[in-house]
Amino acid sequence: MTATIQSILSAEETKQFHDQGFLGPFTAINPEEMATVRESIENTVLTTDGPNKNVNTTMRHLDKKVVFDLCTHDEILGRVGSILGPNLILWAGTMWNKMPGGKEIPWHQDLNYWPIEPIINITAWIAIDDVTVENSCLEIIPGSHKKSVPHIQADGKWFDEEADPRFFDAKERIQLPLKPGQFVLFNEKTLHHSEPNRSNRRRLGIAPRFTIPIVRIDHDKLFEGHAGILVSGDDYMGFNRLTTPPIH
Ligand SMILES: O=C(O)CCC(=O)C(=O)O
C-alpha cells in the first residue's frame, strides 16, 4: 500500500481524454527546474548501464531516483489517476533520445508491442529538452484510439513495424511541441509518430507508462528480472512482480 494520489482532472478533461485519446500539454516542472534534472540525467543516466542490459534508455525509473521522481511527479500521477483510478503501477518507461539526423519513429499504436494483458495503459510523454516541430515533436491523431490498426513491416525507421497507412489518414495529425517540463498523456491505442530530427538539436523526452493492478505484466518478456513499482494506492490483485523505488 502506498499513499493515494489526488485526482486533478475535471470531468470535462477526462471526457476529452476518452473522446480524443490524448490530453495536454500540462506542466510538471518549469524549464529552470528541468535544467537541473536534465543535467543529472545527462551525467548519471545516459552515461551508465541500466537494469535492462540491452539498452540504457529504458526502465531507468527502476535504478535512478531523478528519473523516478520526474516520472511520478504529482502533476502527472494526479492526472493519470483521474483516468485510471487511484491504484497505479509504473510498469515501463523509455527515454526517447533523438539526436540530429535521428530516424522517423513510424506511426504506431503501442498495444502492438506490449506484453501486458489486458492492454490498459496511459503514457505521459515528458519533454526534457525544448521539443519543437523542427527537432521532431510527438505527433498524434486525435480519436485514432477508437479502432485497432494492423501493423506491417517498416523499413529504415526507428521500429521494424508500423501502422498500415491504408487504415488511417496522417493528414489528421496534430503536432505537440513542448517546453522542457511539459507533458502530454495518451493511451495504448492512440496513433502517434515523430518525423526524422531534421534540426541540429537533440530531442530528449521520457515516456513513463502506467497501468492498474488487474493487468498482468509478462515481466520476463520485457527483460529478465523486470518489476513494476506501485506508485499509488493498493496492489489489490497481488500477481505482478513489484519492487521499491530507487533511493539514489
Ligand atoms: O518519442 C517519440 O517520438 C515517440 C514516442 C513513442 O512512440 C512512445 O512513447 O510510445
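**Entry 1: the pocket.** I sorted the lining of the largest pocket and found 12 nonpolar, eight polar and three charged residues. My classes count Ala, Val, Leu, Ile, Met, Phe, Trp, Tyr, Cys and Pro as nonpolar, Asp, Glu, Lys and Arg as charged, and the others, Gly among them, as polar. Strand 2 (88-98) gives the largest share of this lining, seven residues. Strands here are DSSP runs of E with at least two residues, numbered from the N terminus. A pocket is an open set of points on a 1 Å grid over the protein atoms alone, with protein on both sides within 12 Å along at least five of seven lines; a cavity is a set where a 1.4 Å probe fits but cannot get out; lining residues have an atom within 4 Å of a point.

**Entry 2: a reminder to myself.** The model is predicted: local features need pLDDT of at least 70, side-chain atom pairs need pLDDT 80 or more, and totals for chains, interfaces and linings use all residues. Residues are numbered from 1 along each chain as its sequence is written, and side-chain values use heavy atoms, without hydrogens and water.

Entry 3: Where does the ligand sit? I found it in the largest cavity, where "sits" means that more than half of its atoms lie within 2 Å of the grid points. Strand 12 gives the most to the shell around the ligand, three residues.

Methods. Helix = DSSP H or I, 4+ residues; strand = E, 2+ residues; numbered from the N terminus.
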